[in-house]
Amino acid sequence: MPTAHIDNNLNCIQGQWSAGLSTETFDVFNPASGDVLARVQLASAGDVDAAVESAAAAFVEWRRTPAQNRIQFLFKFRALLEEHADSIARICTMENGKTFAESRAEITRGIENVEVACGIPTLMQGYNLEDVASGLDEMMIRQPLGVTAAIVPFNFPAMIPLWFLPYAIACGNTFVLKPSERVPLTSRYLVELLHQTGLPNGVVNMVTGGREAVDALLQHPKVRAISFVGSTPVARHIYTEGAKYGKRVQCQGGAKNFVVVMPDADIEMSAKIISDSAFGCAGQRCLAVSGAIAVGGAGTVFTDAIAGLASNLRVGNGLEDGVQMGPVISPASRSRIEHLIGKGLDSGASAVLDGRGQGGAFLKPTILSGLEEDGELMRTEIFGPVLAIQEVATLDEAIAMISRSAYGNQASIFTASGAAARKFRYEAPCGNIGVNIGVAAPMAYFPFSGWKDSFLGVMHGQGRDGVEFYTDKKVVVERWPKEWSRKF
Ligand code: NAD
């Protein structure tokens, strides 16, 4: 197990690691032990400018590098990610808190994006038509944008940078990664591996910072596009400011995901899957289920089944064997979640399981029932291991409850009925739908969708949307009259 060490070289500019110019610092903690792992010098506007200038200079040659050659670096990167997966996962667990198995799984999902981006010579192709008028041909070609940037959250330190980076550089852009200042060590590992592939300096840069770094990226005239994943209030800030400065922006925001349990579902199996969805990664997944809606009398049996499973989950340090749920990101986050649970109970809800009182950054799974639908806990993204169970009489009522939520990231249904599943898929207003699936995470060759307050923008991350986002379309209309050509 790696020991804690202080390391503050968390900016990579032109292939060189440094602490940066700023004197403002932020400590990176291991949420399980409280150890300080790194002291970030929060990147200043000057650090960001240096990273963007490095990316802008690298763009000149990188965009001229044939797509087939660009992806050779990604093939090597993929091999290095596989080789180093266990070490990356250990660092990810140390700074984020999730279990080693969960860290390992997110690396696999990240690698899938690298694999999809290796298809860029095909994916990036345009289209053409001869004789749009007599003797006139027309074509659409895709060209890279220039300098692109991604601002990412703490909850998937390995996977989320890879929703963007491989597509951006495979399309011929250069890139600045701004990881969450709470988990920069996993990102540093990824960028170090990229440089081991021989990727030219400046194609991928990294700055670790907070709001000042983000605002500097938003305002920098040489940044063409920004990808963001994080909470909805910050997504709104980035979307608005990005538009103000003329950037192309895609912002994946927060979530409040519901699962509907129909009376004909296999309740035991459903409870197992939903327990993983609600309490996996300590509930800190944007696709975590935080509301279960039991339909037509399924409530009691479902509640008993999931409470039995959740109460047996082993909570502890995610690097220890047998631990099934790690801490949340920080003691401050734990106390915010406990406060919300308290408010729910004060408003008349009952605790089927109450996971408060563990100390540090730890909570145990918590299940509440009888919450008022318009109460704070039902409206707020809790981002912790808390599941609220609601009971309704019909599927229509369940869909109406989901529709009233401000968010639209994911909704799932558990049922044996094809008709119920189809109705749900058709009517539920969310970008990712699960049918007998607890975490309906799109594979890398599908867009990571998300609607309403969970997404601001047009093109999503991953797959073909990623290629659309990271390229400009250029349309060429050509006429070559034979009388203008030299006769041969
Ligand atoms: P966050 O919004 O606090 O931070 C995200 C990024 O924005 C970080 O890099 C952070 O440094 C930066 N940031 C934070 N505050 C800022 C500010 N005021 N101005 C400018 N930049 C700022 O999110 P988080 O706590 O790191 O991550 C959890 C959130 O991310 C949850 O809301 C979760 O639902 C969401 N999330 C969404 C998806 C999705 O696909 N929709 C995926 C993962 C996480």
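1. The domain bounds used in this note come from an automatic or database domain assignment. On that basis, the shell around the ligand takes at least three residues from domain 1 (11-253 + 454-475) and at least three from domain 2 (257-435). The model under discussion is predicted.

2. The shell comprises 30 residues, of which K178, E181, S231, Q252 and E381 come nearest to the ligand.

3. E381 places a polar side-chain atom 2.5 Å from an oxygen atom of the ligand. A polar backbone atom of G253 lies 2.8 Å from a nitrogen atom of the ligand, and a backbone N or O atom of F154 is 3.1 Å from a ligand oxygen atom. Of the 830 Å² of accessible area that the ligand has on its own, the protein covers 89%.

4. As to location, the ligand takes up the space of the largest pocket. Two or more residues of the shell around the ligand are supplied by each of the elements α8 (211-219), β10 (223-229) and α9 (232-244).

Technical notes: Residues are numbered from 1 along each chain as its sequence is written. This is a predicted model: local features need pLDDT of at least 70, side-chain atom pairs count only at pLDDT 80 or more; totals for chains, interfaces and linings use all residues. Side-chain values use heavy atoms; hydrogens and water are left out. A residue is near a molecule or strand if one of its heavy atoms lies within 4 Å of it. A polar contact is a pair of N or O atoms within 3.5 Å; within protein, one must be able to donate a hydrogen and the other to accept it, and residues adjacent in sequence count only if both atoms are side-chain atoms. Accessible areas come from the Shrake-Rupley method with a 1.4 Å probe; for residues, only the protein chains shown count as cover. On a 1 Å grid over the protein atoms alone, a cavity is a set of points where a 1.4 Å probe fits but cannot get out, and a pocket is an open set with protein on both sides within 12 Å along at least five of seven lines; lining residues have an atom within 4 Å of a point. A molecule sits in a cavity or pocket if more than half of its atoms lie within 2 Å of its grid points. Helices (H or I, at least four residues) and strands (E, at least two) are DSSP runs, numbered from the N terminus.
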